[in-house]
Amino acid sequence: MPIITFANTKGGAGKTTAVLLLSTELARQGYRVTILDADPQRWISRWHETGEPLKNITVISYVTAATIQGMISSNRAKTDYFILDLPGASTPLLATAIGMSDHVLIPIQGCAMDAKGGAQVLELLKYLEDKANIRIPHSVVLTRVNSMVTTRALQVVKALLAERKVRVLDTPIIERSAYRDLFDYGCSLYEMEAERFSNLDKAKENAEAFAMEVQGYVPNRMIRAQEQEPVRLPRTVRSAA
Ligand SMILES: Nc1ncnc2c1ncn2[C@@H]1O[C@H](COP(=O)(O)OP(=O)(O)OP(=O)(O)O)[C@@H](O)[C@H]1O
Ligand SMILES: [Mg+2]
């Protein structure tokens with residue numbers, strides 16, 4: 001069961017929103033998703049407690065460095081994907097979580113000049129590779145990108161990442177009011193009514209494209225094996241150890 005971690009030590013980069021979009025898309029495709037909520041503010045847990053229970057989604061709250069391994073072991077059999085939402089700060093869980101992950105996604109606001117929180121995660125990933133020869137696949141996902149204009153700041157951030165040879169997903173997460181509304185209604189985009197929420201179709205399209213791109217990097221091994229396709233396992237800490 002792949003473990004996908006969303007990390008950026010800067011608050012408000014769009015981690016929780018991206019976790020929600022990916023998790024609800026995977027659940028819609030029929031995958032059983034367990035979201036590990038490591039943020040003491042419990043945004044994902046509160047979203048899950050609001051509204052009707054969503055099929056294929058389980059949320060575990062209060063995940064810490066001390067409990068994460070046990071939580072993964074005890075839920076492994078009933079989960080196709082683990083998605084971890086980290087708090088927007090540097091915590092002891094960060095290094096542990098990164099080391100356990102099959103893929104780390106680093107949300108960075110396309111318009112923000114300070115991609116510092118993202119850089120901190122990238123430095124940790126580089127440290128693991130250089131010092132321990134552990135390479136964790138990772139990508140930056142640009143978030144809250146304005147749908148109308150490509151800002152200069154966004155180009156600067158992209159160029160900087162390309163210079164450092166950091167992969168940036170082709171699909172940015174666009175700034176959409178529907179993504180904010182998800183938290184108020186405790187649902188997925190698919191329970192929303194098109195008449196009441198603006199640009200819902202575009203929001204769905206964007207979320208779907210984002211999830212598809214992530215799945216390209218983190219295939220679910222169980223399903224792939226059933227389809228008898230050649231499986232290219234992501235190099236994990238376990239396999240590298
Ligand atoms: N793509 C988006 N479109 C519209 N609003 C967004 C988008 N992404 C994030 N937001 C809003 O920005 C705020 C911060 O986003 P979010 O909670 O996802 O960030 P975070 O990185 O998880 O923050 P923290 O570090 O505090 O946990 C929230 O109010 C959220 O609704
Ligand atoms: Mg958050």
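I began with the sheet: 6 strands form an open sheet in the order β3-β2-β4-β1-β5-β6, with parallel pairing. Here strands (E, at least two residues) and helices (H or I, at least four) are DSSP runs numbered from the N terminus, and two strands pair if DSSP finds at least two bridges between them. I noted that the edge strands, each pairing on one side only, are β3 (57-60) and β6 (138-143). The twist averages 20° from one strand to the next, where axes are lines fitted to C-alpha atoms, for helices over the stretch in contact, and angles run from 0 to 180 degrees between N-to-C directions.

This is a predicted model, in which local features need pLDDT of at least 70 and side-chain atom pairs count only at pLDDT 80 or more, while totals for chains, interfaces and linings use all residues. Residues are numbered from 1 along each chain as its sequence is written, and chains are lettered from A and ligands numbered from 1 in the order in which they are written.

I then looked up one pairing: β2 (residues 33-37) and β4 (residues 81-85) run parallel over 5 bridges, and Val33 has Tyr81 in β4 as its bridge partner.

For α1, I found that the helix lies across β1 (3-6), β2, β3, β4, β5 (103-109) and β6, at about 165° to β4; contact requires C-beta atoms, placed from the backbone, within 7 Å.

Turning to ligand 1, I recorded 18 residues around it, of which Gly11, Lys15, Thr16, Thr17 and Gly88 come nearest; a residue is near a molecule or strand if its C-beta atom, placed from the backbone, lies within 6 Å of it. The elements giving two or more residues to this shell are α1 (15-28) and α7 (177-185), and α1 gives the most, with 3 residues.

How values were computed:
Contact = placed C-beta atoms within 7 Å.
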